[in-house]
Each structure stands twice: as C-alpha cells, then as structure tokens.
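Take a look at the structure below. This report walks through a few of its features, one topic at a time.

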Amino acid sequence: MSVLENVYESARARQARVILPEAEDARIAQAAERLVAEGLARPVPLADASEAHVAAILKQRPGKEAFARRLLEKPLVRAAAMVACGEADALVAGAASPTRRVIEAAQFAIGMAEGIALPSSSFLMRFPDGREALFADCALNVAPDADGLADIATASAATARALLGRAEVAFLSFSTLASGAGESVDRVRSATETARARGLAAIGPVQADAALNPEIATRKGIEAGAPNVFIFPSLDAGNIAYKLAQELAGAQALGPLLQGFGKPVCDLSRGASVEDIVAATAVTLALAQ
C-alpha cells in the first residue's frame, strides 16, 4: 500500500477536525465538501475570537494582550489559535495567502515543537519504481546554519515516521566524511553530530551516491544504510534536486509540507487544485496523530 493510500485510510478511520480559514475561495469550499463526502475529515468553521485564543497567543508572545487581540482580527491567526486550543486538529491554508502569512499565524498562536527553533518544509517524493522518500528543505530556508539543519532533520524525521513509518537521515554534501573541506562541509558535519545527539539515525556529511548505493558507501568508508530522509545543505541544492527528480525521474512531489510547529500546519500552493487541497489535508491530518 502506498503512503497516500495509507494516509487516506488513516484519515477515514480518525475523522479529525481541520480548519480551512480561506472559505471564501471556491476551491477551499469544494475541497471541504469533498473531505466530508469522502469521509476524510471534519471541517470546522472559523470561530469568533475568545479569551482562550488570546491566552494561546500570549503563551507565545507574553505580556502583549492588546497586540494579541488585534492579531485575532486576522482569520489566519484566529484559525491557528483554534488549533492551539484544541478546537481543530490541523490548520490548512495558503490557497489565498502567502507562505509567510501562514507561517506567521502558526508562530503567533501555535509555536514551535519542543526542541525546535526553526520552521521548515519537506517534500514527500514518490518515484515510479515505488520508492518514497522525504527531501528537505526545498522551499523555505535559504541558507540554514548547523543548528538550523539539525532542526530541519529533526522535524523531517518526525514527518517521515508519521508518513513512511521510519526515519533514517542522510545529511547531503559534496563531501563524504572527511573527503572534502570547507564551510558547508563543516556545517553539515556539525548538524549531523547534533542530530545524532538528539537520537536520530543519521549519516553525514555524505554524497548522494554514497547515501543511496551501498557499494559506493563501502568504497568511501561509510556504513551503508537505507536513508529515506535527505537533508540538503541549502535551498539552492534542495530546490534544484527535487525539480530534477520530477523532470528526469518522473517523481511526484507532494508538498511543501510545513514542519516544526507544535501542531500540524499546511501551506497550500496558491495554484492548488481541489484535488491538491484534499490530498494535502489528508497528509497534514496524518501528521496530527
């Protein structure tokens, strides 16, 4: 069974609640109807601001009550506050809003997961031969430092465990172990050490061929594994890689999936179709478990 089949099956069993605050968009309205008709989720309406919502924002931004109340005038922030208060299991937005606004809303009301300081994104890559993997970060962080890369890996591993059932991380570089030198290699090496200290199964720095091919890994002196989470050293590398995989290998790229928040948040593409929105919602709800 593919990851998407698992996601849809899980969604039908769970019947989680999703808040879709951009209801004025016709695609969102149609997607909400599909989610109900197909038994995938229970869309909940956007609520009026409450004291609980104010408290959720004050938890993230202490001592600024007037500011919190002004923020709650924004539908995206109010929707995020509903998720923070347990009135919905996940936030799905972005069809009519820029990515930065979705992220801001989540930061204001939901906050980051424990131990993570940096929001990030990943793509679920599905290849024609049946392989499935996570690529990160391919859409959000331009030049993360070592701690940022470790946060991206930590969040991506959680996403992979939820969607793929396991997480083995490869921190990619132009160097395998000590075969090369430079600032980016040092940054990737430091990130790998931090990730391992957090308990992640991780290798790095490692070149892509050594990460994927056990024979090459052995020749390059690295223990062969079976990574399914690939962390790129920069947005340049990640974005180029996932688009090459799409165009040259026929891979399907689902995402970007926002990661690192205390509760699931989905940033839709503003060009998303109704089908895209339904699939993205199902995937996001899988992360709510």
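## Salt bridges

A salt bridge is a side-chain nitrogen of Lys or Arg within 4 Å of a carboxyl oxygen of Asp or Glu. By that rule, Arg34, Glu38 and Glu275 are linked in a network of salt bridges. The model is predicted. It holds 15 salt bridges. Side chains of opposite charge can pair when their charged atoms come close.

Glu275 bridges to Arg34, and their closest N and O atoms are 2.7 Å apart. This pair links distant parts of the chain: Glu275 belongs to helix H12 and Arg34 to helix H2 (residues 26-37), 241 residues apart. Glu275 is partly exposed, with a relative accessible area of 42%. Arg34 is also partly exposed, at 26%.

## Two more pairs

Arg69 pairs with Glu51 in a salt bridge, with 3.0 Å between the closest N and O atoms. Here helix H4 supplies Arg69 and helix H3 supplies Glu51, 18 residues apart. Arg69 counts as partly exposed, at 35% relative accessibility. Glu51 counts as exposed, because its relative accessibility is 54% and the cut-off for exposed is over 50%.

Arg101 and Glu104 form a salt bridge too, at 2.9 Å from N to O. Both sit in helix H6, three residues apart, or about one turn of the helix. Arg101 is partly exposed at 38%. Glu104 is partly exposed at 29%.

Where is Asp137? It sits in the loop between strand E5 (132-136) and helix H7 (146-164). Asp137 is buried but has no salt bridge. Its nearest side chain of opposite charge is Arg187, 11 Å away.

Asp137 does have polar neighbours. Its side chain makes a polar contact with the side chain of Ser121, at 2.5 Å. A polar atom of the Asp137 side chain also lies 3.0 Å from the backbone nitrogen of Ala139. Beyond four places in sequence, Asp137 touches several residues, including Ser120, Ile152, Phe232 and Gly238.

## A buried serine

Ser173 is in the loop between strand E6 (169-172) and helix H8 (183-197). Is Ser173 buried or exposed? Ser173 is buried, because its relative accessible area is 13% and buried means under 20%.

A polar atom of the Ser173 side chain lies 3.0 Å from the backbone nitrogen of Ser175. Leaving aside neighbours within four places in sequence, Ser173 contacts Val185, Val188, Pro205, Val206 and Gln207.

## A covered helix

Helix H5 (residues 75-84) is mostly covered, with eight of its 10 residues buried. Among the buried ones are Leu76, Val77, Arg78 and Met82. What do the buried residues of H5 pack against? They meet strands E1 (17-19), E2 (42-44) and E3 (90-93), and helices H3 (51-60), H4 (65-71) and H6. Just after H5, Gly86 takes a positive phi of about 85°.

## Two domains

The chain is divided into domain 1 (1-111 + 261-288) and domain 2 (120-258). Their centres, taken over C-alpha atoms, are separated by 27 Å. At the interface, 13 residues of domain 1 are in contact with 12 residues of domain 2.

How much area do domain 1 and domain 2 bury between them? About 1,100 Å², with 76% of it on carbon and sulfur atoms. Helix H1 (3-14), helix H6 (99-109), strand E10 (265-267) and helix H12 (274-286) each supply at least two residues of the side of domain 1 that touches domain 2. Across this interface there are zero salt bridges. One residue pair is in polar contact there.

Note on methods. Residues are numbered from 1 along each chain as its sequence is written. This is a predicted model: local features need pLDDT of at least 70, side-chain atom pairs count only at pLDDT 80 or more; totals for chains, interfaces and linings use all residues. Side-chain values use heavy atoms; hydrogens and water are left out. Helices (H or I, at least four residues) and strands (E, at least two) are DSSP runs, numbered from the N terminus. Buried means under 20% relative accessible area, exposed over 50%, partly exposed in between (1.4 Å probe, protein chains only). Lys and Arg count as positive and Asp and Glu as negative; His and the chain ends are not counted. A polar contact is a pair of N or O atoms within 3.5 Å; within protein, one must be able to donate a hydrogen and the other to accept it, and residues adjacent in sequence count only if both atoms are side-chain atoms. Contact means heavy atoms within 4.5 Å. Domain bounds come from an automatic or database domain assignment. Buried area is the accessible area (1.4 Å probe) that two parts lose on being put together, summed over both.
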